[in-house]
Amino acid sequence: MGGRPEKPVDRTVPARAKLADFLRSRKAKVVDLTYEEMAKLMGGTPSKATFERAASGASVPSWETVETFIKVTVTMEEEFAGGLAAALARGLELWIRARRATRAPYYVHKAPDPELISSVADFSQALRDQHVWAGYPTPGEMQRTSSFGTLPSSTARRIIKGSILPVDAEQAVAFLKACYVLEPVDLAPWIAAAIRALRHRGEARKKDVTGWDDIYWILHRQIRLDSGSRPPLRLESMKLVDWPELEELRAA
């Protein structure tokens, strides 16, 4: 049986309500599935109460709870058709929007544009703005999403405060991925911006960009592999000073 009727979704925060509606719609597609049964399927973690709160709209659940909710409500047809990945992507989008709506300042209206970065100060501020746009993931959450030792929570906290920059390109990528900049086509402009900023810094030396250019080329080549041809125009038009290799790559 489906159990007693649920309370209406709390619509105080529209973005939270949209996430709750999405989760409830998934549960409704699985006939007679109850929150108690969902919890049993997962060995009690998340609990019945946690699943219920996740779909209430009264608060923003953890991503782990949302991810589990989506997976436990996948239908055979959806799984067979490869629809789980799309459902997870949609869930992540709605979850980030809900976190942003409840955590970000009212004046944050769009994601930062790395192509506007021209200085080290710009780069630091843009990283902090991206952290806000991602819904303020905690330093602990950011550490858990990165490879071991790449982004310690203490380092993430200092980058968020603006007291330090990432020590290298690998750490910058880890920070950005923890702020949901996930794809090479989106990461590459950030690394290119960091290189521009470091090279334009008055005291810059060649060692400032050692490793950053390697990561940029790895991303650029991955984009070519993913797209099967040339990268998108916005990457083709990026200004990377004193990089003759870029022309060679374009001509390849």
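Let me begin with three residues, Arg90, Glu93 and Arg97, which are linked in a network of salt bridges, where a salt bridge is a side-chain nitrogen of Lys or Arg within 4 Å of a carboxyl oxygen of Asp or Glu. Before I go on, please keep in mind that this is a predicted model, in which local features need pLDDT of at least 70 and side-chain atom pairs count only at pLDDT 80 or more, while totals for chains, interfaces and linings use all residues. Residues are numbered from 1 along each chain as its sequence is written, and side-chain values use heavy atoms, with hydrogens and water left out.

Now back to the network. Glutamate 93 forms a salt bridge with arginine 90, and the closest N and O atoms there are 3.0 Å apart. Glutamate 93 also meets arginine 97 through their side chains, in a salt bridge of 2.7 Å from N to O. How many residues separate glutamate 93 and arginine 90 in helix H6? They are 3 residues apart, which means that about one helical turn separates them; arginine 97 and glutamate 93 are 4 residues apart in helix H6, and here too the separation is about one helical turn. When I say helix, I mean a DSSP run of H or I with at least four residues, whereas a strand is a run of E with at least two, and both are numbered from the N terminus.

Are these side chains buried or exposed? I call a residue buried under 20% relative accessible area, exposed over 50%, and partly exposed in between, with a 1.4 Å probe and protein chains only. Glutamate 93 is partly exposed at 32%, arginine 90 is partly exposed at 36%, and arginine 97 is partly exposed at 39%.

The count of salt bridges comes to 9. One of them joins the side chains of lysine 71 and glutamate 67, at 3.5 Å from N to O. Both residues lie in helix H4, which covers residues 63–72, and they are 4 residues apart, about one turn of the helix. Lysine 71 has a relative accessible area of 42% and is partly exposed, and glutamate 67, with 24%, is partly exposed as well.

Let me turn to the aromatic rings. Rings of Phe, Tyr and Trp (its six-membered ring) pair if their centres lie within 6.5 Å, and planes under 30 degrees apart count as stacked, over 60 as edge-to-face and the rest as tilted. The count by this rule comes to 6 aromatic pairs. Why is the pair of tryptophan 95 and tyrosine 180 called edge-to-face? Their ring centres are 5.8 Å apart and their planes stand at 85°, so the pair falls in that class. This pair links distant parts of the chain, since tryptophan 95 is in helix H6 (residues 84–103) and tyrosine 180 is in the loop between helix H10 (169–178) and H11, 85 residues apart. Tryptophan 95 is buried, with a relative accessible area of 1%, whereas tyrosine 180 is partly exposed at 24%.

A further edge-to-face pair is formed by phenylalanine 123 and tryptophan 212, with 6.2 Å from centre to centre and 75° between the planes. Phenylalanine 123 lies in helix H7 (residues 120–133) and tryptophan 212 in helix H12 (residues 212–227), so this pair ties together parts that are 89 residues apart in sequence. Both phenylalanine 123 and tryptophan 212 are buried.

Tyr35, Phe51 and Phe69 are linked by ring pairs into a cluster. The charged end of lysine 27 sits over the ring of tyrosine 35, 4.6 Å from its centre; by this I mean that NZ of Lys or CZ of Arg is within 6 Å of the ring centre and within 35 degrees of the ring normal. In a second example, the charged end of arginine 100 sits over the ring of tryptophan 133, at 3.5 Å from the ring centre.

Finally, the whole chain. The secondary structure of the protein chain comes to 14 helices and 0 strands, and buried residues make up 44% of its 252 residues. With contact meaning heavy atoms within 4.5 Å, residues 24 or more positions apart account for 61% of the contacts with a separation of 6 or more. As for helix H11 (residues 184–200), 13 of its 17 residues are buried, and H11 is thus mostly covered.
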